[in-house]
Amino acid sequence: MAKVNSTALGQEPIGKLLIKQSLPASIGILVMSLNILVDTIFVGNWIGPTAIAAINVVLPVSFFIAALGMAIGIGGSSIISRALGANDNSKALKTFGNQITLTLVLCITLVILGLTFIEQLIPAFGGKGEIYAPAKIYYRIVLYGVPILALSMMGNTVIRAEGKPKFAMIAMILPSIVNLIADYFLINILDLGMAGAAWATTGSYVICFLYVLWFFLSKNSELKLQSAHFRLDLPILKEISSLGFVTLARQAVVSITYLLLNNILYNLGGAASVTVYAIIGRMLMFALFPVLGVTQGFLPIAGYNYGANNPSRVRESINKAILYAAVLALVVFAIIMIFPESIVAIFTTDKTILAETPSAMRWVFAALPIISLQLIGSAYFQAVGKATPALLLTLTRQGFFFIPLILILPKYYGELGVWISFLLADVISTLVTGIFLNKEIRKNLVPKIALPIEE
């Protein structure tokens, strides 16, 4: 079998390599983010502001199931990157096969459970009153396509592990374009309302999956699986699970956060407050696209060079990833701070939402320039296979700090307490991550770099 062409991850200059890996990832995430934004704009203007809140209620459930695919993908891709760096192609192939089997089994099981308990889940996540009916319509249809999305997300991370970021970018862009076109016809032309929005989303998942499937069946991928690779292997499953659990735990906490925020905000200000959060949530996905793109580009570089026992390149990749992401985040931060009113006006004409959202948005995005350290720092531990610190750092922001803050501060400051919680959680979690990352570099990277010089 031909050797998987990933050697560039260990040879090209880090700066050039990081741009090469991150740019397609950033473009893909940008297009996906714009898709979510435009989708929200279509729904808000063609169906109504309550529809935006309804979609926000469904996201935690569908995203959690889809995040299984992402978790299995990232956990397995960390193994694949390090295996390729160590020239162990057999382990890379076996890991990929196990990822596919595990994704199918877990996601289909969860979809069945999600449909069975639909009446309990929607109200629990804030789908109450006027939000309930449109949320139920959207939830049922979108959930059918979630296993397909999970497989696509899993496959996308493996494409990056192969060192093929441009194909991964296309896999993210293609469904976004399909979703927007389908939105226009199903919502605006055929007037199918929430059902149209849901079918447009599900259809985009199918297109994404078909492209990812084509990639692995074509000559572009050198990970050619055989039936034996799909047989579950306990040691590999344990390694995938320990690393993938970091991503899954992150998404689980995000889902819990949605549940709490939707309910807290509904009790404080009704459907309008939930809509404010929904708009800010879409902007969060959009605003973080350059940072997330650099993070995605950083993961295979760090994993490959760690597996190849090249700590100097690992350390350089950490420093440059944080620098690049911080500069990009600063640009986005300036835009959001200067033009929040104009941004909100794109989504809705509702006067209450137009009045409340800009100030809330400024609080939520106040720490954006420093968030790159937190994301890159936690990603490093996941990339090199250190599951425990990766898990702890991933949970610091949402789990350890944000959730306690939103349970306490709104009791004293109302809705303002919710928005301040975002800022405080970002600042504290970034400080904690910086301490852990600095200790790791001093302990495991600097001494290895210094030894050859001393000789």
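What is the volume of the second largest cavity? I began with this point, working throughout on a predicted model.

**Entry 1: cavities**

I searched the whole structure and found two cavities of 30 Å³ or more. For the second largest cavity I noted a volume of about 140 Å³. I then listed the elements that give two or more residues to its lining: α2 (49–85), α5 (132–161), α10 (289–307) and α14 (371–383). Helix α2 supplies the largest share of this lining, namely four residues.

I recorded the lining of the second largest cavity by residue: I74, S77, S78, S81, T157, R160, A161, Q296, L299, P300, Q382 and A383.

**Entry 2: salt bridges**

**Entry 3: E12 and K20**

I looked up the side chains of E12 and K20, which meet in a salt bridge with an N to O distance of 3.3 Å. E12 has a relative accessibility of 18% and therefore counts as buried, the limit being under 20%. K20, at 43% relative accessibility, counts as partly exposed.

**Entry 4: E239 and R82**

I next turned to E239, which forms a salt bridge with R82; their closest N and O atoms are 3.4 Å apart. E239 belongs to helix α8 (residues 234–269) and R82 to helix α2, so this pair ties together parts that are 157 residues apart in sequence. Is R82 buried or exposed? I found R82 at 16% relative accessibility, which counts as buried. For E239 I noted a relative accessible area of 21%, so this residue is partly exposed.

**Entry 5: D426 and R397**

Which residue forms a salt bridge with D426? I identified R397 as the partner, with the closest N and O atoms 2.2 Å apart. D426 lies in helix α17 (residues 415–454) and R397 in helix α15 (residues 387–408), so the pair ties together parts that are 29 residues apart in sequence. I checked the accessibility of each partner. D426 is buried, with a relative accessible area of 5%, and R397 counts as buried at 13% relative accessibility.

**Entry 6: a network**

Finally, I looked for salt bridges that share partners, and I recorded one network that joins R82, K91 and E239.

Note on methods. Residues are numbered from 1 along each chain as its sequence is written. This is a predicted model: local features need pLDDT of at least 70, side-chain atom pairs count only at pLDDT 80 or more; totals for chains, interfaces and linings use all residues. Side-chain values use heavy atoms; hydrogens and water are left out. On a 1 Å grid over the protein atoms alone, a cavity is a set of points where a 1.4 Å probe fits but cannot get out, and a pocket is an open set with protein on both sides within 12 Å along at least five of seven lines; lining residues have an atom within 4 Å of a point. Grid points are joined across faces, edges and corners, and a volume is the space filled by probe spheres set on the points. A salt bridge is a side-chain nitrogen of Lys or Arg within 4 Å of a carboxyl oxygen of Asp or Glu. Buried means under 20% relative accessible area, exposed over 50%, partly exposed in between (1.4 Å probe, protein chains only).
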